[in-house]
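Thank you all for coming; I would like to walk you through one model this morning. Please bring up the sequence and the structure, and keep both in view while I talk.

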Amino acid sequence: GAIAARTVRCPTLIIVGEDDRWSPPAQHREIASLIPGSKLVVIPACGHMAPAERPESVAQAIDLWLDSF
């Protein structure tokens, strides 16, 4: 959990669906706050299976994140 997240020292992209009930955005916001320099992307109109539900949005988030380096 939180202890492990604080030890992450590599570029980190966190993606979550805004309608994810199993692992909600609030949980991901907390995780992102613990990882220095992490990037959080919330995919609109999407549940827990973001890559399957919104593949274009996930791919775009990854592309934009990778382009930031």
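Let me begin with a single side chain: does R29 count as buried or partly exposed? R29 counts as partly exposed, because its relative accessibility is 46%, where buried means under 20% relative accessible area, exposed means over 50%, and partly exposed is in between, with a 1.4 Å probe and protein chains only. Before I go further, please note that this is a predicted model, in which local features need pLDDT of at least 70 and side-chain atom pairs count only at pLDDT 80 or more, while totals for chains, interfaces and linings use all residues. Residues are numbered from 1 along each chain as its sequence is written, and side-chain values use heavy atoms, with hydrogens and water left out.

Now to the overall layout. The protein has 4 helices and 2 strands, these being DSSP runs numbered from the N terminus, with helices (H or I) of at least four residues and strands (E) of at least two. Followed along the sequence, the pattern reads α-β-α-β-α-α. The protein is as compact as a globular protein of 69 residues, because its radius of gyration is 12 Å, close to the 11 Å from the globule rule; that radius is taken over C-alpha atoms, and the rule is 2.2 Å times the number of residues to the power 0.38. The C-alpha trace spans about 30 × 30 × 15 Å along its principal axes, and 30% of the 69 residues are buried.

Let us turn to the strands. Strand 1, residues 13-17, pairs with strand 2, residues 39-43, in the parallel sense over 5 bridges, and to be called paired, two strands need at least two bridges found by DSSP. I14 has L40 in strand 2 as its bridge partner, while G17 has I43 in strand 2. R29, where I started, lies in helix 2, and its C-alpha is 20 Å from that of Q60, which is 31 residues away in sequence.

What follows strand 2 deserves a careful look. The loop between strand 2 and helix 3 (50-53) holds A45, and C46 lies in that loop as well. A45 has a positive phi of about 50 degrees although it is not a glycine. As background, most residues other than glycine have a negative phi. A45 is partly exposed because its relative accessible area is 41%, whereas C46, at 1% relative accessibility, counts as buried. From C46 to V58, 12 residues apart in sequence, the C-alpha distance is 10 Å, and from C46 to D63, 17 residues apart along the chain, it is 19 Å.

Finally, helix 4, residues 55-67, contains L66, and D63 is also placed in helix 4. D63 is partly exposed, with a relative accessible area of 46%, and L66, at 47%, counts as partly exposed too.
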